[in-house]
Amino acid sequence: MEARTPDLSRLDTRRRKIYYRATHRGTHETDVLIGGFVAPRLESMTEAELDALEAVMDLPDADLADWLSGRRPVPPELNTPMMREIMADATDPARLAAIRGGK
């Protein structure tokens with residue numbers, strides 16, 4: 001999925017806060033990986049998906065970067081459907097090419 005900025009004026013307060021948190025994580029790597037996952041999906045996510053996303057975003061940035069980059073495996077207790085969806089996006093060849101400046 002192509003990363004794009006959602007129309008923030010159409011988002012409720014919770015979604016605007018999630019978008020900000022997803023794109024201002026503290027490290028550029030997780031800003032790109034988490035923000036790039038959230039941006040094209042945020043408007044259509046259900047409340048349950050938002051809960052699951054916030055649970056992932058509550059995890060430490062350094063751990064998320066290691067897990068999403070494949071440097072370390074995700075602990076089994078954190079290997080949730082949302083984590084797997086974010087990881088699939090982070091390792092998608094088209095997404096990696098876009099991050100690196102290709103198409």
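Predicted model: local features only at pLDDT ≥ 70, side-chain atom pairs only at ≥ 80, totals over all residues.
# Exercises on helix packing

What covers the buried residues of H1 includes helix H2 (28-38) and helix H3.

**Exercise 1.** Determine which residues of H1 are buried, and how they are arranged about the axis of the helix.

*Solution.* 
Step 1. Four residues of H1 are to be listed as buried: Arg 15, Ile 18, Tyr 19 and Ala 22.
Step 2. Viewed down the axis of H1, these buried residues lie within an arc of 100 degrees, so they line one face of the helix.
Step 3. An α-helix has 3.6 residues a turn, so residues three or four places apart point the same way.
Step 4. Lys 17 and Tyr 20 are exposed on the other side of H1.

**Exercise 2.** Describe the packing of H1 against H3 by distance, angle and handedness.

*Solution.* 
Step 1. Two packed helices are described by the angle between their axes and the distance between the axes.
Step 2. For H1 (residues 13-23) and H3 (residues 47-57), the axes come within 11 Å and cross at roughly 30 degrees.
Step 3. Angles under 35 degrees count as roughly parallel; H1 and H3 are therefore roughly parallel to each other.
Step 4. The crossing of H1 and H3 is left-handed.
Step 5. On the H1 side, the contact is made by Arg 14, Arg 15, Ile 18, Arg 21 and Ala 22, and on the H3 side by Glu 47, Leu 50, Asp 51, Leu 53, Glu 54 and Met 57.
Step 6. Sorted by class, the contact of H1 with H3 comprises 5 nonpolar, no polar and 6 charged residues.

**Exercise 3.** Characterise the packing of H3 against H5 and the classes of residue in the contact.

*Solution.* 
Step 1. The axes of H3 and H5 (residues 81-90) come within 9 Å, with a crossing angle of roughly 75 degrees.
Step 2. Angles of 65 to 115 degrees count as roughly perpendicular, and H3 and H5 are therefore roughly perpendicular to each other.
Step 3. From H3, Glu 49, Ala 52, Leu 53 and Val 56 meet Met 82, Met 83 and Ile 86 of H5.
Step 4. By class, the contact of H3 with H5 has 6 nonpolar, no polar and 1 charged residues.
Step 5. Ala 52, a residue of helix H3, counts as partly exposed at 29% relative accessibility.

**Exercise 4.** State how accessible Ile 34 is, and which residues it touches beyond four places in sequence.

*Solution.* 
Step 1. Ile 34 belongs to helix H2.
Step 2. The relative accessible area of Ile 34 is 0%, and Ile 34 is therefore buried.
Step 3. Not counting residues up to four places away in sequence, Ile 34 touches Ala 22, Arg 25, Met 57, Leu 68 and Ile 86.
Step 4. For one of these, Met 57, the separation from Ile 34 is 23 residues in sequence and 8.2 Å in space, C-alpha to C-alpha.

Technical notes
Residues numbered from 1 in each chain as written. Heavy atoms only, no water. Axes fitted to C-alpha atoms, helices over the stretch in contact; angles between N-to-C directions. Helix = DSSP H or I, 4+ residues; strand = E, 2+ residues; numbered from the N terminus. Parallel < 35°, antiparallel > 145°, perpendicular 65-115°, else oblique. Left-handed = near helix turned anticlockwise from the far one by under 90°. Contact = heavy atoms within 4.5 Å. Nonpolar A, V, L, I, M, F, W, Y, C, P; charged D, E, K, R; others polar. Buried < 20%, exposed > 50% of the residue type's maximum accessible area, 1.4 Å probe, protein only. Arc of directions from axis to C-beta.
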